[in-house]
Protein chains: 2
Amino acid sequence: MREKPGSAPAVRLKRTPQRLAILEYLEGNTSHPSAEDIFRAVSKKYHSMSFATVYNTLHALTRAGALRELTIDPERKHYDPDTSRHHHLICLACGKIFDVPEAIRVDLPKAMAADFSVVGSHIEFYGHCSPCRNKRKAP
Amino acid sequence: MREKPGSAPAVRLKRTPQRLAILEYLEGNTSHPSAEDIFRAVSKKYHSMSFATVYNTLHALTRAGALRELTIDPERKHYDPDTSRHHHLICLACGKIFDVPEAIRVDLPKAMAADFSVVGSHIEFYGHCSPCRNKRKAP
DNA sequence: ATAAATGCAAAGCATTTGCAGTAAA
DNA sequence: TTTACTGCAAATGCTTTGCATTTAT
């Protein structure tokens with residue numbers, strides 16, 4: 001089961017320095033970091049940072065609709081500060097996640113459209129990015 | 001990082017009764033069970049069944065290309081015995097996963113097509129199945 | 001003041017692994 | 001007989017939680 005979008009509770013979020021640091025790291029970040037990536041990056045400036053705070057902030061931001069949780073990598077969750085409709089490409093060699101601007105509009109086949117109300121969709125592309133493709137050719 | 005498809009090792013699989021029971025349960029199953037679902041179902045007949053064996057079998061079948069691991073549910077993996085190209089729909093209310101026959105062919109935007117070689121793609125639809133829609137109206 | 005956030009450690013789950021015994025081949 | 005599989009238990013890794021303390025409002 002997953003979090004229902006649009007059900008942001010009316011909680012006032014406190015602007016703590018830890019949260020601001022996480023927000024700053026996330027701002028415009030297109031690397032789709034995991035919680036650990038975020039923890040490591042922010043810890044450099046903030047030695048007292050804890051995982052609990054990272055997860056707490058991530059959840060708060062997700063609930064507030066400012067962040068999107070990605071369930072692409074079977075090993076761990078990744079976080080995307082870009083909440084606009086777009087898709088992703090995962091390199092099978094290096095594991096990096098890339099943005100794919102939505103230009104593609106997908107619809108349910110007519111036969112199913114009557115039985116489901118679709119709220120959103122997400123495409124995952126699997127393939128190889130050029131650095132990894134080149135590594136293959138010249139090892 | 002994820003398992004590269006098509007790299008099935010040349011290991012001879014043994015047809016143990018446990019594996020056959022798991023295979024039988026999976027055969028034609030469209031419920032997209034989790035490892036625990038499978039464990040519970042097969043345990044009824046097979047009291048000695050262990051999780052290690054379930055996971056072991058699941059990996060073996062996945063490596064052999066007879067099974068597809070789904071990374072849709074953030075909580076746990078689900079398994080799909082249908083390895084043909086198709087997509088999925090997840091009900092946001094009940095969490096059930098439904099098959100969406102591929103009829104939709106998606107391509108990378110031209111701008112990216114030069115930088116990636118795409119091996120496959122998978123669409124996840126989010127919405128509500130009719131039972132859940134009806135429950136909403138009449139609670 | 002007061003409600004929420006932090007940080008630590010412990011707990012929770014899903015999944016993996018080591019290994020001795022067991023059973024296909 | 002050889003090689004793989006089973007099942008148990010312990011270990012791992014990501015994520016969550018409880019709680020006393022601190023901090024933003």
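Entry 1, the surface near DNA strand D. I sorted the residues by class and found six nonpolar, seven polar and eight charged residues; Ala, Val, Leu, Ile, Met, Phe, Trp, Tyr, Cys and Pro count as nonpolar, Asp, Glu, Lys and Arg as charged, and the others, Gly among them, as polar. Of the atoms of DNA strand D that come within 4 Å of the protein, 75% belong to sugar and phosphate.

The model is predicted: local features need pLDDT of at least 70 and side-chain atom pairs pLDDT 80 or more, while totals for chains, interfaces and linings use all residues. Residues are numbered from 1 along each chain as written, chains are lettered from A and ligands numbered from 1 in the order written, and side-chain values use heavy atoms, without hydrogens and water.

I looked up B:Lys14, where a polar side-chain atom lies 2.6 Å from a base oxygen of DNA strand D.

The axes of α1 (residues 17–26) and α3 (residues 51–63) of chain B come within 10 Å and cross at roughly 65°. I therefore recorded α1(B) and α3(B) as roughly perpendicular to each other (65 to 115 degrees). Among the residues of α1(B) that meet α3(B) are B:Ile22 and B:Leu23 (contact means heavy atoms within 4.5 Å).

Definitions and conventions
Axes fitted to C-alpha atoms, helices over the stretch in contact; angles between N-to-C directions. Helix = DSSP H or I, 4+ residues; strand = E, 2+ residues; numbered from the N terminus. Parallel < 35°, antiparallel > 145°, perpendicular 65-115°, else oblique. Near = heavy atom within 4 Å. Polar contact = N/O pair within 3.5 Å; in protein donor to acceptor, adjacent residues only side chain to side chain.
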